[in-house]
Amino acid sequence: MEQENAVRRFRDAIRIKTDWPRGAGEGDREAEAPLRRFQDFLAESYPSFHRATERRVLSPYSVLYRWPGIGPGTEAPVLVLAHYDVVPVEKEKWTCDPFGAELKDGFVYGRGTQDMKGILVALLEAAEELARRGFRPRRDIWFAFGGDEERTGITGAMRSAGWFREKGLRFSWVLDEGSSVVLNQIPGVEKPLALFSIEEKGFLSLELSAAQKPGHASKPPRVQAAAVLARALLRLSRRPFPCRLISTVESFYSRLSLLASGVPALTMGHPRLLGPLFFSLFATGPQAEAMFRTTLAMTQLAGSSADNVMPSEVRAVINLRLLRPRTVDGAIEFVKRAIGDERVSVKIYGMGNDPVPPNPEHTRLSGPGWKEMESAVNRVFPDAEVLPFIMTATTDSRHYRDLAGGIFRFSPFKLSPADSGGVHGHDERLSLDNFFRAISFYTALFESL
Ligand SMILES: [Zn+2]
């Protein structure tokens with residue numbers, strides 16, 4: 001019965017359409033209404049949790065909770081993050097209603113089931129039940145839920161972080177969504193791997209443009225802006241950022257080598273000895289390469305709006321994910337040098353941010369929160385091996401980098417490669433098994449705090 005109610009609340013959460021309408025701006029009441037409704041939904045659905053905590057709504061994009069600890073107050077608080085906005089859908093490509101929360105073959109289908117209402121609801125189910133039983137944590141647990149993570153986090157997480165900064169609050173560690181328990185993703189490794197992403201790559205979009213005199217397409221100049229820009233893009237694709245072994249990835253492979261056998265075990269365990277050979281052995285696909293270098297994706301390309309008009313400017317946008325120690329400034333320098341053509345202008349597009357390095361103790365499988373996180377995993381995923389990992393996408397947690405002794409980006413789901421396909425894609429779904437596992441994970445975790 002309790003499980004049934006939890007599933008009902010999960011499905012209700014999916015049905016609140018918190019995707020952001022294209023082109024809407026902050027303060028747009030119609031666009032913000034579902035975000036407010038979601039905040040109300042939490043208050044209505046989790047009464048014991050709301051009685052046990054102090055709630056502060058900063059805006060439709062941000063709601064904070066403090067679950068006061070009963071301990072002597074010597075332990076720094078812990079912060080748990082989640083977001084309730086979701087990415088838009090291409091409705092015609094779904095086989096079901098993306099906001100219908102259909103229950104089929106043991107899965108709930110819908111936008112946000114994995115990313116990340118499934119997590120947000122699971123952690124509140126856990127907290128609600130504990131609060132109902134009168135449980136109180138030793139130390140303060142804070143929660144910060146954001147409503148614009150899928151855009152920038154500027155209005156949600158960034159302002160929440162500012163609020164904590166203003167109050168002089170610091171956290172022992174922070175937990176946000178991230179990598180999960182993965183199955184069969186590395187050849188030769190049979191055990192499920194619980195991946196704690198302890199660091200996060202940086203983010204940077206650049207706009208490249210080349211200008212020319214506009215005019216009639218019947219009288220084109222000999223050197224055209226599109227060709228100049230194309231040459232720049234070609235040069236970038238021929239000169240990738242160099243591979244580099246950072247401490248988190250080195251630790252990941254050396255732990256992994258203990259689980260593998262034969263040649264892979266030997267090679268994984270000695271990346272420094274192998275030097276460049278290591279990268280040619282393991283940088284075999286986009287996923288692995290993203291761990292070894294700053295990546296560059298060419299995402300947008302535009303010229304004239306008519307087929308018979310010369311454009312005054314052609315532009316391309318490239319999106320980079322920065323691997324430590326490459327910074328925003330360093331990456332811009334690298335791109336300019338690789339292009340080597342002053343006719344191409346290179347400008348920051350939107351907001352960039354540097355990589356978020358790990359707490360070095362976390363690369364050694366210790367440090368703030370490691371024990372608590374690991375024992376919660378052991379209780380729920382007893383056959384899984386915990387490994388440090390790197391988040392190649394961005395999360396809200398980057399806005400809290402200066403407020404925490406360490407950050408874990410972990411989603412307590414057990415996923416095969418096929419299971420993760422729907423995140424930001426079509427037919428996103430979460431199995432009820434995973435939903436219940438997540439509740440157990442947060443129950444174990446909160447009990448230990
Ligand atoms: Zn997310």
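How are H6 and H12 oriented to each other, roughly parallel or roughly perpendicular? That was my opening question today, and I put it to a predicted model.

**Entry 1: H6 and H12**

I looked up where the two helices run: H6 covers residues 225-238 and H12 covers residues 328-339. Their axes lie 8 Å apart, and the packing angle is about 115°. Angles of 65 to 115 degrees count as roughly perpendicular, and H6 and H12 are therefore roughly perpendicular to each other. I also noted the hand of the crossing, which is right-handed where H6 passes H12.

Next I listed who touches whom. H6 brings Ala 232, Arg 235 and Leu 236, while H12 brings Val 335, Ala 338 and Ile 339. Sorted by class, this contact holds five nonpolar residues, one charged residue and no polar ones.

**Entry 2: H7 and H8**

Here is another helix pair: H7 spans residues 247-257 and H8 spans residues 262-269. I found that their axes come within 8 Å and cross at roughly 150°. An angle over 145 degrees counts as roughly antiparallel, so H7 and H8 are roughly antiparallel to each other. The crossing of H7 past H8 is left-handed.

On the H7 side I wrote down Tyr 253, Ser 254, Leu 256 and Ser 257; on the H8 side they meet Ala 265, Met 268 and Gly 269. The class count for this contact is four nonpolar, three polar and no charged residues.

**Entry 3: H1 and H4**

I moved on to H1, residues 2-15, whose axis comes within 10 Å of that of H4. The two cross at roughly 140°, which makes H1 oblique to H4. This crossing is right-handed.

Which residues of H4 does H1 meet? They are Lys 117, Gly 118, Val 121 and Glu 125, and H1 reaches them with Ala 6, Arg 9, Phe 10, Ala 13 and Ile 14. By class I have five nonpolar, one polar and three charged residues in the contact of H1 with H4.

**Entry 4: the sheet with S4, S5 and S17**

Now for strands. A reminder to myself: strands of a sheet pair through backbone hydrogen bonds, either parallel or antiparallel. In this open sheet three strands follow the order S4-S5-S17, and their pairing is antiparallel. S4 (103-104) and S17 (429-431) are the edge strands, each pairing on one side only.

I checked S5, residues 107-109, against S17 and found three bridges between them. Phe 107 has Ser 431 in S17 as its bridge partner. Helix H15 (residues 432-447) packs on this sheet, where it touches S5 and S17, and its direction makes about 70° with that of S17.

The loop between S4 and S5 holds Asp 105.

How many bridges join S11 to S13? I found seven, and S13 covers residues 313-322. Gln 300 has Val 317 of S13 standing opposite.

**Entry 5: a hairpin**

S1 (residues 54-59) and S2 (residues 62-67) are an antiparallel pair with five bridges. A hairpin of two residues joins S1 to S2.

**Entry 6: cis peptide bonds**

I made a note of two peptide links. Asp 115 and Met 116 are joined by a cis peptide bond with omega of about -15°. Met 116 sits in the loop between S5 and H4 (117-132). From Arg 324 to Pro 325 the peptide bond is cis too, with omega near 0°, and Pro 325 is found in the loop between S13 and H12.

**Entry 7: domains**

To finish, I looked up how the protein is divided. Domain 1 takes in 2-200 + 356-447, domain 2 takes in 202-232 + 298-351, and domain 3 is 243-292. What separates the centres of domain 2 and domain 3? Taken over C-alpha atoms, it is 34 Å.

Methods. Residues are numbered from 1 along each chain as its sequence is written. This is a predicted model: local features need pLDDT of at least 70, side-chain atom pairs count only at pLDDT 80 or more; totals for chains, interfaces and linings use all residues. Axes are lines fitted to C-alpha atoms, for helices over the stretch in contact, and angles run from 0 to 180 degrees between N-to-C directions. Helices (H or I, at least four residues) and strands (E, at least two) are DSSP runs, numbered from the N terminus. Angles under 35 degrees count as roughly parallel, over 145 as roughly antiparallel, 65 to 115 as roughly perpendicular and the rest as oblique. A crossing is left-handed if the near helix is turned anticlockwise from the far one by less than a right angle, and right-handed if clockwise. Two residues are in contact if their C-beta atoms, placed from the backbone, lie within 7 Å. Ala, Val, Leu, Ile, Met, Phe, Trp, Tyr, Cys and Pro count as nonpolar, Asp, Glu, Lys and Arg as charged, and the others, Gly among them, as polar. Two strands pair if DSSP finds at least two bridges between them. Domain bounds come from an automatic or database domain assignment.
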